[in-house]
Amino acid sequence: MTFARYVAVQIAAYALDMGAFLVLLHGGIAGPVPANVAAKIVAGGFAFFAHRAFTFRLGGTAQASEAARYAILLALNVPVASALLAALLLQVGTRELRQQGVLGCRGQIRFTGIVCAHERA
């Protein structure tokens, strides 16, 4: 049963990660890499507390050592994930992604065929 709770929390954390990423990106608040960093931090914080309370059913407040270990793992994960995203964007190229309709005018990921004003010429 613990495994099922773990999977449920991870799915919720992933949804929060992607949701925050898309809101930051589509809202024009951040570009792809900063949005990825912020979303991973938000989802990581959620996952820590949700796993503690729901998955492992630990009562009381989190100990500083638990939070520190989790923060260290998150601090290792975020740069790696963001570096992979940055490498993908460099490899594929933002121009190609814009032509495919994936990136918007300000680096936002989009799912429509809207063309930016400077691309119409």
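**View 1. K40 is a buried residue that takes part in a salt bridge.** K40 has a relative accessible area of 18% and is buried, where buried means under 20% relative accessible area, exposed means over 50%, and partly exposed lies in between (1.4 Å probe, protein chains only). The side chain of K40 meets that of D17 in a salt bridge, at 2.7 Å from N to O. A salt bridge here is a side-chain nitrogen of Lys or Arg within 4 Å of a carboxyl oxygen of Asp or Glu. D17 lies in helix 1 and K40 in helix 2, so this pair ties together parts that are 23 residues apart in sequence. D17 counts as buried too, at 8% relative accessibility. This is a predicted model, in which local features need pLDDT of at least 70 and side-chain atom pairs count only at pLDDT 80 or more, while totals for chains, interfaces and linings use all residues. Residues are numbered from 1 along each chain as its sequence is written, and side-chain values use heavy atoms, with hydrogens and water left out.

**View 2. E66 and R52 form a salt bridge.** The closest N and O atoms of E66 and R52 are 2.7 Å apart. E66 sits in helix 3 and R52 in helix 2, 14 residues apart, and the pair links distant parts of the chain. Is R52 buried or exposed? R52 counts as buried, with 10% relative accessibility. The count of salt bridges comes to two.

View 3. H51 is buried, with a relative accessible area of 7%.

**View 4. The largest nonpolar core has nine residues.** Look for A20, F21, L24, L25, A30, A35, A39, L85 and L89. A nonpolar core is a set of buried Ala, Val, Leu, Ile, Met, Phe, Trp, Tyr and Cys residues joined through side-chain atoms within 4.5 Å. Helix 1 (2–26), helix 2 (32–55) and helix 3 (64–92) each supply at least two residues of this core, and helix 1 gives the most, with four. Helices (H or I, at least four residues) are DSSP runs, numbered from the N terminus.

**View 5. F3, Y6, V7, I11, F56 and L58 make a nonpolar surface patch.** The patch covers about 610 Å², with accessible areas from the Shrake-Rupley method with a 1.4 Å probe; for residues, only the protein chains shown count as cover. Patches are made of residues with over 30% relative accessible area and no salt bridge: like charges are joined within 9 Å, and nonpolar side chains (Val, Leu, Ile, Met, Phe, Trp, Tyr) within 5 Å. I11 lies in helix 1 and is exposed, with a relative accessible area of 56%.
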